[in-house]
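Thanks for coming. I have one model to go through this morning, so please look at the sequence and the structure on the screen while I talk.

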Amino acid sequence: MRTLGHAIASITFHWSCEPRKLRNKHHSFVYKLRTTAFAVGKILGQEWAEIPLHRLVGLESELIRYALAEGIKPTHASHYAGGCRIILAHARASGWTCDAMELLESWGPVKEALRKVNA
């Protein structure tokens, strides 16, 4: 799994293998991930299916800005960032690795400590 297109296809395949009740329940979830993929393509100016997965790392804030510029309510704009994280998490669970992703995760304890200090 190397591209956003591969990740979306894999997520869609896993969704299609679920029992009918779960498929109906998760239909909007898969639709939101496809919408996120389309937004990523718009932001990066590239066909979304061909975008390498490592380009998604750290793209959440740009996705939120894109959604707000498109007139999407702020409460729903966060779905784009969440969708990006879900796509990357699915790719990692499927064996995809990226140095940038590992570097980003290594900052987790620092971010958590800063949240506690600011609280």
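**Helix packing and core**

Of the 119 residues in the protein, 32% are buried, where buried means under 20% relative accessible area, exposed over 50%, and partly exposed in between, with a 1.4 Å probe and protein chains only. This is a predicted model, so local features need pLDDT of at least 70 and side-chain atom pairs count only at pLDDT 80 or more, while totals for chains, interfaces and linings use all residues. Residues are numbered from 1 along each chain as its sequence is written, and side-chain values use heavy atoms, with hydrogens and water left out.

The protein has six helices and zero strands. Helices (H or I, at least four residues) and strands (E, at least two) are DSSP runs, numbered from the N terminus. Of the contacts with a separation of 6 or more, 60% are between residues 24 or more positions apart; contact means heavy atoms within 4.5 Å.

Now the packing. How do helix 2 and helix 3 pack? Helix 2, residues 20-44, and helix 3, residues 60-69, pack at about 95°, and their axes are 10 Å apart. That makes the two helices roughly perpendicular. Axes here are lines fitted to C-alpha atoms, for helices over the stretch in contact, and angles run from 0 to 180 degrees between N-to-C directions. Under 35 degrees counts as roughly parallel, over 145 as roughly antiparallel, 65 to 115 as roughly perpendicular, and the rest as oblique.

On the helix 2 side, the contact is made by Thr36, Ala39, Val40, Lys42 and Ile43, and on the helix 3 side by Glu62, Leu63 and Tyr66. By class, this contact has five nonpolar, one polar and two charged residues. Ala, Val, Leu, Ile, Met, Phe, Trp, Tyr, Cys and Pro count as nonpolar, Asp, Glu, Lys and Arg as charged, and the others, Gly among them, as polar.

Helix 2 also meets helix 4. Their axes come within 9 Å and cross at roughly 95°, so this pair is roughly perpendicular as well. Phe29, Lys32, Leu33, Thr35, Thr36 and Ala39 in helix 2 meet His79, Tyr80, Gly83, Cys84, Ile86 and Ile87 in helix 4. That contact divides into seven nonpolar, four polar and one charged.

Threonine 36 is worth a look. Threonine 36 is buried, with a relative accessible area of 2%. Leaving aside neighbours within four places in sequence, its contacts are Leu63, His79, Tyr80, Gly83, Cys84 and Ile87.

Next, the aromatics. How many aromatic pairs does a search of the whole structure find? It finds one. The ring centres of tyrosine 66 and tyrosine 80 are 6.4 Å apart and the planes are at 75°, so the pair is edge-to-face. Rings of Phe, Tyr and Trp (its six-membered ring) pair if their centres lie within 6.5 Å; planes under 30 degrees apart are stacked, over 60 edge-to-face, and the rest tilted. Tyrosine 66 is in helix 3 and tyrosine 80 in helix 4, residues 74-93, 14 residues apart. Both tyrosine 66 and tyrosine 80 are buried.

Last, the core. The largest nonpolar core has 24 residues; such a core is a set of buried Ala, Val, Leu, Ile, Met, Phe, Trp, Tyr and Cys residues joined through side-chain atoms within 4.5 Å. Helix 4 gives the largest share, six residues. Among the residues with the most contacts inside the core is Val40. Not counting residues up to four places away, valine 40 touches Leu4, Ile51, Leu56, Leu59 and Leu63.
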